Amino acid sequence: MINPVFKVLESEGCRSYLVGCPTTRRALLIDPKVGMQQSYAWFLDAYGLELGAVLDTHTHADHLSASSVFADAGIDLYMSHRTPVRRAKRALEAGAQLAVGELSFEVREVPGHTVDSIALVGHGMVFCGDSLFVGGLARADFRGSDPAELFESVQRELLSLPGDTLVFPGHEYGSVLFSTIDTERRTNPALAHADAAAFAASLGTVVEGTGNSAAVDQNLELNLAAHPDLPDSPPVATTCCGSPAASDDEDEVPELPPGGHAEAHGSLASPGEWVDVRDPVEWKNGRIPGTVSIPLSELGFHLERLRSEPPRYLSCRSGVRSMTAAKTLRHVGVTKDAINVGGGILAWQNQGLPIEGSPAT
Ligand SMILES: [Fe+2]
């Protein structure tokens with residue numbers, strides 16, 4: 001199986017995914033968000049990728065899609081054939097294959113949150129937009145939403161995937177990077193209901209359209225338009241598309257204070273015991289000697305190896321991304337013992353400890 005060149009981009013709980021072909025360097029950007037364009041351009045350049053297409057998994061209600069910016073620049077926009085969005089696009093039906101260079105993803109329809117919700121399946125991953133979330137399901141109280149349809153489409157189209165499929169949702173309000181189908185089957189309380197009717201009943205009386213606040217309708221108006229007049233700086237997201245922080249792990253991840261860095265490093269028996277999760281470009285620039293690189297976005301591609309050789313320490317630049325890595329490895333059942341290196345490589349070098357290459361900035 002080919003692993004894509006892959007970068008997860010996060011902004012206010014909204015996820016965009018940059019998926020690139022390692023041989024042709026063509027890339028697909030999933031769910032681009034207004035305000036993130038500079039970031040997308042930076043990472044395309046850093047990863048040596050050329051943007052070939054963008055895809056919106058559905059008509060977004062909680063934030064402004066940047067898909068019109070790309071469509072107006074001549075980049076192909078893909079959406080469901082059911083979408084009411086009026087901008088120039090290529091329509092995808094269930095079962096269609098979407099090629100990204102030599103990579104190929106199958107389109108699945110997962111309606112319920114919206115009528116035009118689709119997921120992309122391939123290369124051991126599923127990009128499920130707003131349908132299945134980590135520890136929950138998407139909200140289903142917008143105009144056109146249907147809670148029972150959401151439950152059924154997730155069961156039919158997503159939970160039927162192999163258990164080790166990596167789940168990348170359209171939002172993550174907690175602190176894990178991804179889940180797996182097997183983890184969600186076992187732990188997602190929304191999926192524990194006997195059937196769609198029981199799930200819908202668990203939500204109480206959901207009146208279709210109650211989620212359409214004035215802010216939501218404003219977003220929809222712009223996201224449906226062919227050539228929207230987008231604001232220079234987007235409004236702060238005022239609504240969620242799922243349960244906030246459904247995935248937050250109650251357990252505390254153990255943390256190594258900066259005072260313990262040198263001793264912990266000295267106790268390593270092999271480089272695999274200390275994993276640096278920063279981006280490849282940061283690793284190339286400079287690193288703590290004797291550590292190995294697994295970029296956070298690519299963590300899911302290495303679960304088998306990490307299960308057989310669990311890391312003792314996880315580090316990044318300042319300790320935030322390595323905390324996400326630790327929480328993700330706990331969530332998907334790989335290891336609960338990995339220790340987050342507090343302060344990351346910045347704290348390491350501030351103590352005058354050695355760096356291979358250039359110091360991090
Ligand atoms: Fe949504």
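Two residues are taken to be in contact if their C-beta atoms, placed from the backbone, lie within 7 Å. What I am showing is a predicted model, in which local features need pLDDT of at least 70 and side-chain atom pairs count only at pLDDT 80 or more, while totals for chains, interfaces and linings use all residues. Residues are numbered from 1 along each chain as its sequence is written.

Let me begin with leucine 158, which, leaving aside its neighbours within four places in sequence, is in contact with Val110, Ala119, Val126, Cys128, Ser131, Leu132 and Ile181. In the largest nonpolar core, which has 79 residues, Leu158 is listed with Val126 and Phe127 as touching the most other members. Such a core is a set of buried Ala, Val, Leu, Ile, Met, Phe, Trp, Tyr and Cys residues joined through C-beta atoms within 7 Å, and a residue is buried if 20 or more other C-beta atoms lie within 10 Å of its own.

Turning to helix H10, residues 320-331, we find that its 12 residues reach 17 Å from first C-alpha to last, close to the 16 Å expected at 1.5 Å a residue, the expected span being 1.5 Å times one less than the number of residues. Helices here are DSSP runs of H or I with at least four residues, and strands are runs of E with at least two, numbered from the N terminus. Because 10 of the 12 residues of H10 are buried, the helix is largely enclosed by the rest of the structure. Its buried residues, among them Arg321, Lys327 and His331, pack against elements including S14, helix H4 (181-187) and helix H11 (344-350). Just after H10, glycine 333 takes a positive phi of about 75 degrees.
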